[in-house]
Structures are given as structure tokens and as C-alpha cells.
Amino acid sequence: MDNVSLILKALLAIALGSVGIIGIFYGLNILVEKALPERSRIKVLPWIYVGPSVLLLTIYLVIPTIRTFYLSFFDNRSEGFVGLQNYLFVLTAPDTLVTFRNNILWLVLVTGLSVGLGLIIAVLIDRVKYENLAKSLIFLPMAISFVGASVIWRFIYAYRPEGAPQIGLLNAIVTSLGFEPVGWLVNPAINNFALIAIMIWLQTGFCMVLLSSAVKGVPDDVLEAARVDGASEIQIFRRIIVPMIMPTVLVVSTTVIVLVLKVFDIVFVMTGGNLGTDVIASRMIREMFNFRNYGRGSAIAVILLIAVIPVMVANVRRFRQQELDR
Amino acid sequence: MSAPPIPPNAQGLPPKGPQKKDYVARKKEQSPFEKFMARAPVHFAVVAIAFLWTLPTLGLLISSFRPPDDLISSGWWTVFLHPLEFTQLTLSNYQAVLGAGMGQAFLNSLVISIPATVIPIAIATFAAYALTWMEFPGRQTIFIVTVGLLVVPLQMTLIPILQAYSALGISGTFLAVWLAHAAYGLPLGVYLLRNYIGSLPRDLIEAAAVDGASHLKTFTKIIVPLSMPAIASFAVFQFLWVWNDLLVALVYLGGSEQVAPVTLVLRNIVGDRGQDWYLLTAGAFISMLVPMAVFFSLQRFFVRGLLAGSVKG
């Protein structure tokens with residue numbers, strides 16, 4: 001196919017998908033307003049507006065969630081009932097236990113370091129004139145896909161045997177200091193940390209931007225009063241800024257936690273989950289595609305869901321509170 | 001998220017007293033140079049962190065312009081050893097990777113991302129309007145369930161939807177990913193827009209109703225124009241989300257080159273031709289072009305979407 005017709009086809013598909021949906025709404029709306037008598041119109045019209053959303057959410061989120069739960073009690077081809085066997089396997093097999101260990105490492109290190117670093121940067125960056133430029137540079141990785149980030153970091157971690165010129169930045173530094181090159185992604189003692197570093201690089205900017213807007217919310221006169229009283233900058237940070245922005249720190253942390261629980265792309269692209277680097281979400285994809293075991297895959301997904309339920313409850317509570325305050 | 005208006009914890013601060021004079025005196029005596037020196041550690045830290053955070057991306061950018069042989073025989077930083085030799089840079093990597101399927105993938109990414117952004121915007125805005133300004137049974141329940149769905153891991157839905165898609169025979173089509181992405185983005189869209197539309201002045205909508213405007217008219221003439229900032233935030237967030245997605249494309253599109261977006265093609269290059277560094281560099285940069293452009297031109301909306309979306313899973 002030549003390029004022009006490819007582009008035309010693409011444009012047609014975009015138009016069809018985008019205009020189609022708006023057309024459907026207009027059509028239904030006009031149909032209801034013209035065809036129905038006043039009284040039933042008032043009853044039907046809300047469902048024209050909210051119906052597509054309810055339908056899509058039900059088909060794509062509610063029913064599949066229930067069905068995955070159901071499938072987790074069945075065998076690899078979703079045919080024979082196996083009770084809790086999938087869960088027993090997932091919770092006891094040595095290689096899935098490694099994924100849980102890794103997930104805990106990811107959770108602690110990514111959340112701790114990206115929120116911590118983000119907070120420190122947010123406070124520091126508030127004091128320089130080129131704040132916006134520096135912020136953009138640190139925030140930029142947020143726009144990059146996990147796959148793109150993985151390719152970027154292959155150039156940091158690239159390994160060449162000793163003696164050969166190193167094309168990876170880290171090994172070039174290591175060898176120029178007189179040490180042997182390190183197989184960052186192969187050595188089981190460090191490869192998890194190498195992957196975690198990528199996620200920290202991606203997420204710190206996000207934490208910084210959110211925390212920075214909270215830091216700016218701390219009233220200047222409070223800070224000035226503390227300075228007049230002779231408080232050092234470190235005291236001000238620990239005793240005034242941190243306590244005052246705690247609610248934001250909590251929101252940012254839960255966001256990062258949920259994101260980390262579902263991280264899949266980085267591991268999938270960098271190591272394929274081999275060499276002891278698998279995490280829950282990438283393991284699930286491997287169960288689905290490599291081992292063709294839908295039962296175990298579903299059981300892993302259910303465990304993932306259970307892990308985020310506290311966040312879900314907190315969200316709904318917070319929303320209810322918000323409604324009361326309205 | 002606003003900080004609570006409680007007084008800060010002042011324990012441990014030195015008591016008021018002579019320090020006050022010292023502080024004022026200190027502030028006056030400092031020359032501009034002294035002031036700068038006092039803040040040097042801050043400047044150093046900020047510049048160092050910004051540099052460190054940019055370095056990986058910069059390395060990729062420079063690498064993508066180096067000839068394939070140079071790429072595997074020396075580090076990208078060696079370019080700076082002779083900065084004026086422009087012959088060490090070339091566009092051939094970009095030509096090669098565009099020929100290796102990246103051009104088609106770029107188009108596919110656009111075909112996937114644009115409708116997968118427009119569809120949930122339309123559905124979410126209509127739903128948010130109904131949830132705010134229309135009376136019907138179950139209104140509150142629908143919204144609470146939507147908020148709950150915000151953090152459901154989409155892994156939870158992959159297997160049943162894949163099975164249904166296979167049974168229906170639409171696995172591997174654009175329609176399959178459009179609808180999936182639309183549904184996954186909907187909870188955030190409804191939540192964000194409902195909050196925004198709910199904050200619009202009630203008088204305005206009631207006045208329109210008194211004037212005899214239909215819901216559709218109120219919606220298109222008043223609600224949508226006023227909600228543009230929220231719509232833009234959601235649009236930017238959703239667009240970047242879809243463009244950068246690998247999981248949904250991988251599962252629902254399968255391996256077909258015909259429909260694969262940039263992330264999937266890039267991943268395949270890593271998997272099958274991981275040693276072809278020249279393809280990887282240029283390919284990664286092509287995949288990053290659009291998000292970066294969106295990021296730099298619409299950062300304001302993106303940040304607002306993130307602030308609102310910090311509840312999204």
C-alpha cells in the first residue's frame with residue numbers, strides 16, 4: 001500500500017471513531033426530543049446521557065472483574081473447577097514468591113525515594129529563579145512511555161566485557177575508576193535495583209510537581225516568623241513544611257503505590273521477567289501468554305485487586321466527604 | 001489538596017529574644033555576593049539534579065544521530081571530544097527505522113490515540129452533565145461506583161475481555177482498542193468533569209431552563225464551553241496515557257504489524273533485534289516526539305489533569 005492511501009485510511013478511521021460517537025449522542029437526543037411525549041421524555045433523556053457511560057463501564061470493568069474472580073477458581077483453559085488451587089500455587093511456588101518479594105522492594109524503594117526526592121526537590125526548587133525550567137526538565141520523563149524509558153536506560157546499563165570500550169554510561173564510569181564492568185541487568189543481586197531506578201527517574205517529577213504546589217501553599221508569614229525566631233532552614237523544613245503538606249504527601253504516596261503495583265512494561269521490556277526480576281503484573285501477562293494458564297493469571301489479578309482495595313475505599317470515603325462539604 | 005489551617009508545630013524552635021535583632025542585622029549586612037554564596041549549595045543541588053535527570057534522554061537523542069558502527073564501538077559522550085565534526089552525525093537511523101515499520105506504527109498510534117481520546121471525552125461529558133443536573137433514580141450510586149472503579153487494575157479485565165473479543169472476532173482491530181481505552185479512561189473523565197461541572201454556578205443552568213432551553217442546548221451552548229479547561233486536562237491526560245500504553249495494545253491487538261502502535265513496535269525491536277542499537281535509538285525518539293510536543297505545549301493542562309488524576313489507578 002502506498003503512503004498516501006495509508007494516510008487517507010488513517011484519517012478516515014480517526015474521523016469515523018471520533019465523529020461517530022458524537023453523532024450517536026446527537027441522533028439519540030433528537031430522536032427522544034422529537035418522538036416522545038413530554039412526560040416519558042423526562043424519564044428517558046437522562047439515560048441517553050448517562051447510559052453509554054454506564055454501559056461501557058459495565059461491559060469493560062464491572063462484568064470482567066467479576067468474571068476474573070470466577071475464572072480464578074478454574075483450570076488453565078477455564079473449564080474444570082479447581083477450587084483454591086490457583087491461589088495455593090501463586091502463594092507458595094518459589095518463583096511467584098520471588099515476584100512478591102520484588103513487588104515489596106519496588107513499593108518501598110520507589111514510593112520512598114520518589115516521594116522523598118520529590119519533596120526535597122520541591123523545597124529547593126522554590127528558591128531559585130530558573131524554577132520553571134528546572135521543573136520542566138525533571139518532570140519531562142513523565143511524558144515518556146515506559147517502553148521509551150526502557151530503551152533510554154539500556155544505554156545507561158549497557159554491558160561490554162572487560163577491555164572492550166563501554167557504550168553504557170554507568171559501566172564507562174565504573175571502568176574508568178579502575179573496576180570491572182558490571183552486568184547491571186544480569187546480576188541477580190542488583191538487577192532489581194537497576195529496574196527500580198528507572199521507575200524512580202520517571203516518577204520523581206510527578207511527585208515534585210504535586211508537592212511543589214503544596215509547598216507554595218505554606219503561608220510566607222509563617223516561614224518568615226520562624227526565621228525571625230532563629231529557626232534554621234532544616235528545622236523549618238522538618239517542623240513546619242512537612243507537617244503542613246502531609247495530606248498531599250499521603251495522596252501522592254498512594255498514587256505512586258497503585259502505579260507501582262501495576263508496573264509491568266519496564267520489567268517486560270528490560271528483562272522479560274527473567275533472572276529473578278518478575279513482578280506481579282508482568283507475571284500475570286506471562287501466565288496469560290507464555291504459559292497459557294488463564295486460571296493462575298486470574299488468581300494473580302485478584303491478588304492485585306485485593307492490594308488496591310484500601311485505596312479504593314479511601315477514595316470513595318474522600319468523595320463522600322467532598323459531597324457533604326459541597 | 002489544601003494544607004489544613006492548623007498552626008505549625010513550633011516545638012523545638014528557639015524562644016523569641018535576642019535572635020530577632022541578629023536576624024534583621026544579618027539580613028542587612030549581607031552583600032549580593034555573600035547572598036549568592038549562602039545559596040550556592042541550593043543552586044548546585046538544583047542544577048545537578050536537573051542535569052542528572054536530563055542526561056539519560058540527552059544520551060538517547062545524541063545516540064540516535066550517530067552512525068550504527070559508532071554506536072556500538074564508543075559511548076555517545078565521545079561526540080563531545082570533537083564537537084565541530086558534524087560528519088559524525090547522520091539521519092540514516094531515522095530512515096532505517098521508518099522503513100522497518102515505525103512509519104506505519106506512527107500512523108497507527110495516531111489512529112488509536114485520537115478516537116480513544118475523543119470517545120471517552122464525549123461519553124464522560126454527557127454522563128457528568130446528567131449526574132450533576134438531571135434527576136433520575138440511581139444517580140448517586142452510579143457516581144459512587146464510578147469513583148470506586150478508578151483504581152481497579154486493568155489487569156483484572158484482560159482475560160475476560162480478550163476471550164470475548166476472540167469470540168466476537170474483533171480482536172486485533174482498532175475498534176477493540178478504542179472501546180477498551182475509552183472504558184479504562186472513563187472513570188477518571190467522569191470524576192473530573194462531574195467535579196468541574198458541579199462547581200459551575202447553578203443560576204446559569206436554571207436560567208437557561210427557565211428560558212426554555214432543552215438539555216441538549218444547555219449542554220452544547222453553556223456546559224461544554226465553560227468546561228473547556230477540565231475537558232482539555234482530561235484530553236491531554238488520556239491522550240498521553242493511550243499513546244504511551246503498551247499493555248492494552250499488546251493484549252488486544254496481538255502481534256499484527258498492520259495495527260501495532262509505536263510502543264508495541266519499539267518493544268518488538270527490543271525483543272527481536274535488541275542488538276540493533278541504531279534502530280532502537282531512532283525508534284524510541286520517534287515514539288517520544290508526540291508526547292514531548294504535547295508535554296511542552298500543554299504542560300499546564302497536563303499538570304491539572306495529573307492533580308485531578310492522582311486518584312486514578
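Which residues in α4(A) meet which residues in α3(B)? I looked that up first, after a note on conventions.

**Ground rules.** This is a predicted model, so I keep in mind that local features need pLDDT of at least 70, that side-chain atom pairs count only at pLDDT 80 or more, and that totals for chains, interfaces and linings use all residues. Residues are numbered from 1 along each chain as its sequence is written, while chains are lettered from A and ligands numbered from 1 in the order in which they are written.

**Entry: α4(A) on α3(B).** I find I121(A), L124(A) and I125(A) on the α4(A) side, meeting V42(B), A45(B), V46(B) and I49(B) of α3(B). Contact here means C-beta atoms, placed from the backbone, within 7 Å. Helices are DSSP runs (H or I, at least four residues), numbered from the N terminus. The axes are lines fitted to C-alpha atoms over the stretch in contact, and angles run from 0 to 180 degrees between N-to-C directions. The crossing is left-handed, that is, the near helix is turned anticlockwise from the far one by less than a right angle. Nonpolar covers Ala, Val, Leu, Ile, Met, Phe, Trp, Tyr, Cys and Pro; charged covers Asp, Glu, Lys and Arg; the others, Gly among them, are polar.

**Entry: the whole A/B contact.** Chain A puts in 99 residues and chain B 98 residues. On the chain A side, helix α2 (residues 38-71) gives the most, with 16 residues. That side of chain A splits into 73 nonpolar, 18 polar and 8 charged.

**Entry: α11(B) and α14(B).** I went on to a pair inside chain B: α11 (residues 228-244) packs with α14 (residues 277-297) at about 165°, axes 10 Å apart. That makes the two roughly antiparallel. Their crossing is left-handed. From α11(B) I list V236(B), F239(B), L240(B), W243(B) and N244(B), which meet V290(B), P291(B) and V294(B) of α14(B). The class count is 7 nonpolar, 1 polar and no charged residues.

**Entry: the two sides of α6(B).** In α6 of chain B (residues 139-149), F143(B), T146(B), V147(B) and L149(B) are buried (20 or more other C-beta atoms within 10 Å; exposed is 12 or fewer, partly exposed in between). They span an arc of only 160° around the axis, so they sit on the same side of α6(B); the arc is taken from the directions from the helix axis to the C-beta atoms. Q140(B) and T141(B), on the other side, are exposed.

Entry: Most residues other than glycine have a negative phi, so I checked for exceptions. L275(A) has phi near 55° and lies in the loop between α12 (265-270) and α13 (280-289). With 14 C-beta neighbours inside 10 Å, L275(A) is partly exposed. R292(A), not a glycine either, has a phi of about 50°, in the loop between α13 and α14 (294-325) of chain A. R292(A) counts as exposed because it has 10 C-beta neighbours inside 10 Å.

Terms used
Contact = placed C-beta atoms within 7 Å. Parallel < 35°, antiparallel > 145°, perpendicular 65-115°, else oblique.
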